Amino acid sequence: MNADHFETRAIHAGQEPDSAVGAVVVPIYQTSTYAQTDVGAHKGYDYSRTNNPTRQALEVCLASLEGAANGLCFASGMGAITTIMLLLQAGDHVVVCDDVYGGTYRLFRNVLENYQLQFTFVDMTDLNATARAFRPNTRMVWLETPTNPLMKVIDIAGVAKEAKSAKGAKPWVVVDNTFASPYLQQPLALGADVVMHSTTKYLGGHSDVVGGGVVTSDPELFERLKFLQNAAGAVPGAFDCWLVLRGVKTLALRMERHSANALAIARFLAQHPAIARVMYPGLESHPQYEIAQRQMRAPGGMLSFIPVGGVDSAMQIARATRLFTLGESLGGVESLIEVPAAMTHQSVAGSPLEVDPALVRLSVGIENGEDLIADLQQALHVR
Ligand SMILES: *Cc1c(COP(=O)(O)O)cnc(C)c1O
């Protein structure tokens, strides 16, 4: 079953009632191995690192949601990223958006540079600067949009066009679509070759599982990634896949509410005298507002701001909220607040990606929007 609309596919793609007993929900196949009817004769499953029915249901569903031919799931977002990077060879060059996820930056700079991979970080909101960063050995372009934590919006189609017109071998365009989720933005349709997710965030949606996913419509890339998934083995367990599948069923509903709440909060903060700057792609004042309107169905649930009082106020606000829980991560039903420079983005301290210590990041949940604004209101008045 593969009905047309996103909400329907989220509930049905890869999730036909189980053929053995008719279970409506995909069972948790908590098994490492499978009985064979003869030597080498099996039903498509021989060992759960290679394939597992619960994982496969999620892989089919994720691919469907991104409009991709194929999907692969991983034990974490970083497991997915590491496996994608195994496509490269020593001497290859990667152009990366600056303001990339801190863990991605750490993997690229502190681990993969030791394997003779080269990385250039560039502000991809500037397409000319992006084009200038290409070298003859550029094999991959890596980007996130909206970016974390500055909420810059990158024109995916524009970057893909630059990559396709690069001289020599065409670099693969990989988009980390974690912040937007496939409900808000589908990079393959805009020219990307590979899309990856930390399913820990919006796809899982309930802050109860760590996972990753990769999708592509390129058959050759899929074969190589499938080989690497099995070869490197960063695969998720069946129960974790089941949790993500359950989360995905409500993705559309959740993303609508996340976006509506975040927009209301962004507007509230933008007019508040204690706030110097709000970064949210749904505000007309955002520098890439037009691109966001074109590229995204709604502006999403993440926003950042800088209080007038600087780092001391930032710390005070983060300590004073009651509904917004002080914590890392994002994309769950509950609202979170954090100070990136001291928390999620410590690993980029001292690098060109270092963030303003007064920056506060919100992952706006799906609680009642007025309650959330009231919570921020009281936190902003704490002295
Ligand atoms: C969380 C995150 C990752 C890493 O995913 P894990 O599931 O934590 O390994 C990668 N990219 C982005 C944008 C993220 O937010």
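Reader: Which residues touch the most other members of the largest nonpolar core?

Author: This is a predicted model, where local features need pLDDT of at least 70, side-chain atom pairs count only at pLDDT 80 or more, and totals for chains, interfaces and linings use all residues. Residues are numbered from 1 along each chain, and side-chain values use heavy atoms, without hydrogens or water. A nonpolar core joins buried Ala, Val, Leu, Ile, Met, Phe, Trp, Tyr and Cys residues through side-chain atoms within 4.5 Å, where buried means under 20% relative accessible area with a 1.4 Å probe, protein chains only. Of the 89 residues in this core, those touching the most other members are I84, M85, F108, M124, M140, W142 and L143.

Reader: Where does this core lie?

Author: Bounds from an automatic or database assignment define the domains. Both give residues to the core, so it lies between domain 1 (6-248) and domain 2 (251-380).

Reader: How much of the ligand's accessible area does the protein cover?

Author: A backbone N or O atom of M78 is 2.9 Å from a ligand oxygen, and a polar side-chain atom of K201 is 2.7 Å from a ligand oxygen. On its own the ligand has 380 Å² of accessible area (Shrake-Rupley method, 1.4 Å probe). The protein's share of cover is 92%.

Reader: How far is C61 from the nearest cysteine sulfur?

Author: A disulfide needs two cysteine sulfur atoms within 2.5 Å, and the count is zero. C61 is buried, at 0% relative accessibility. The nearest cysteine sulfur belongs to C73, at 9.3 Å.

Technical notes. Buried means under 20% relative accessible area, exposed over 50%, partly exposed in between (1.4 Å probe, protein chains only). A polar contact is a pair of N or O atoms within 3.5 Å; within protein, one must be able to donate a hydrogen and the other to accept it, and residues adjacent in sequence count only if both atoms are side-chain atoms.
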